[in-house]
Amino acid sequence: MTTTTDTPQTLDSLSQGLLDLLAKHDPEAARILADEAERQATTLELIASENHVTPVVMHSAGSCLTNKYAEGYPGKRYYGGCEFHDQAENLARDRAKQLFGCDYANVQPHCGANANIAAFMAMLKPGETVLSLPIKSGGHLSHGLKPNFSGTFYNIVDYDVDPDTELIDYEGVERIAKECKPQLIICGYSAYSRIIDFERFRAIADSVGAKLMADIAHIAGLVATGVHPSPFPHAHIVTTTTHKTLRGPRGGLVMTNDEEVAKMVDRKVFPGSQGGPLMHIIAAKAIAFGEALKPEFTTYCQQIVTNARALAQGLTERGYRLCTGGTDNHLMLVDLRPRDENLTGADAEGWLESAGIIVNKNGIPNDPRKPMVTSGLRLGTPALTTRGMKEEQMKQVAELLDRVMGSNGNESVCAQVREEVRSMCGEFPMPH
């Protein structure tokens, strides 16, 4: 696709208008945006950390608020002319507090990793000990990976999942905590498909005098709607992204009920780790939080979990093994080896993309293969649920996934599946 006239009809009028304008101003950039719009409209998005925002949220993220520097906080800015930026940030903060039932929210972090940087700086001194799940077992790189800030400036000790069940080993967490006496314990993960027992984690933290941090980046939407238990009142500090299941713009958020922690977080976001906030994104966060406060968003999050279970069942019936044996949330970690011992996550990712199905390769616990190869896939249902798909479509998706992987990426099979995917996407268009 090279012109905006080929843009899918699923584009809302504002997006189409932007592309038409951009085609005259910068045809090369217009082509890139138009091609990406078509890619999103005509493929099945199964990456668990991605979603499709509503047009209102998307266009708010490109609003006139991008023109303003607003260093500082509402009522305490370093620049003049921030009256309406104060109102936008207060709206986002108030809605976040209402959504998650907490006393404080900082909406300025640019992303989840930045939220975690601020949380670490607020709760720890450099060199202090953090107990967390390693990335190889479903944790996140900002929880202690060596090249990351977390692994560079803090002493990271790992806990792990049970090697047999692949569930969080709470007894193991408690045992290691008593041995290493951490200042901070982290729960909340990027590739864990089961309910997190925040109350149990808090009891462990209290037993060793540690603070508890919950990173709910993946499950934030489910937490906000009561589909997953909340980390409040158990966690001392909670971080999240605002995309994924929360279906907002790309950004971060830090929350707490502790007044002293709140003061520290404010200082560690600005000026501790960031300068001017992205006010256009903060406004879009406020709008997304408003959407999430509506009853239909709870129905949406319930359907995400229902769809995940239906997809999981469809894959299990076709010979794939799900880590932990299933899912309680929006994602699943699929072990490909029982279906075909030679099948890798990297191969499957490439074949499926050629067939219009977007996934990401992912290591499984104790994966014998390298991180860029892997024995698994991480799949999630937020984006497909946003398009209105339900259990019946999840069964179809499981069949399409298996047909591509079972053919070892056969070109004719992938081409046929690609056409079926286009047809399904036409039946369930992007939000517009």
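Two strands are taken to pair if DSSP finds at least two bridges between them. The legends below describe close-up views of a predicted model.

**View 1. Strands E11 and E12 in an open sheet.** E11 pairs with strand E12 (residues 331–335) in the antiparallel sense, over 2 bridges. Within this pairing, Leu 322 stands opposite Val 334 of E12. The sheet as a whole is open and is formed by 4 strands in the order E11-E12-E15-E14, with antiparallel pairing.

**View 2. Strand E10 and its partner strands.** Strand E10 (residues 252–256) has 5 of its 5 residues buried, so it is largely enclosed by the rest of the structure. Both faces of E10 are covered: Gly 252, Val 254 and Thr 256 are buried on one side, and Leu 253 and Met 255 on the other. Strand E4 (residues 104–106) is joined to E10 by 3 bridges and runs antiparallel to it; here Asn 106 stands opposite Val 254. Strand E9 (residues 237–241) also runs antiparallel to E10, joined by 4 bridges. Thr 240 has Leu 253 of E10 as its bridge partner.

**View 3. Crossing of helices H12 and H15.** The axes of helix H12 (residues 295–317) and helix H15 (residues 391–406) come within 8 Å and cross at roughly 40°. The crossing of H12 past H15 is right-handed. From H12, the residues in contact are Gln 303, Thr 306, Asn 307, Ala 310, Leu 311, Gly 314 and Leu 315; they meet Glu 391, Met 394, Val 397, Ala 398 and Leu 401 of H15. By class, this contact has 7 nonpolar, 4 polar and 1 charged residues.

**View 4. The nonpolar cores.** The largest nonpolar core has 57 residues, and those with the most contacts inside it are Phe 100, Tyr 159, Ile 168, Ile 185 and Phe 201. Helix H11 (residues 279–292) provides the largest share of this core, 6 residues. Apart from this core lies another, of 36 residues, among them Leu 322, Leu 384, Ala 398 and Leu 401. Leaving aside residues up to four places away in sequence, Ile 185 touches Leu 131, Ala 177, Phe 201, Ile 204, Ala 205, Val 208, Ala 210, Lys 211, Leu 212 and Met 213.

Definitions and conventions: Residues numbered from 1 in each chain as written. Predicted model: local features only at pLDDT ≥ 70, side-chain atom pairs only at ≥ 80, totals over all residues. Heavy atoms only, no water. Axes fitted to C-alpha atoms, helices over the stretch in contact; angles between N-to-C directions. Left-handed = near helix turned anticlockwise from the far one by under 90°. Contact = heavy atoms within 4.5 Å. Nonpolar A, V, L, I, M, F, W, Y, C, P; charged D, E, K, R; others polar. Core = buried A, V, L, I, M, F, W, Y, C linked by side-chain atoms within 4.5 Å. Buried < 20%, exposed > 50% of the residue type's maximum accessible area, 1.4 Å probe, protein only.
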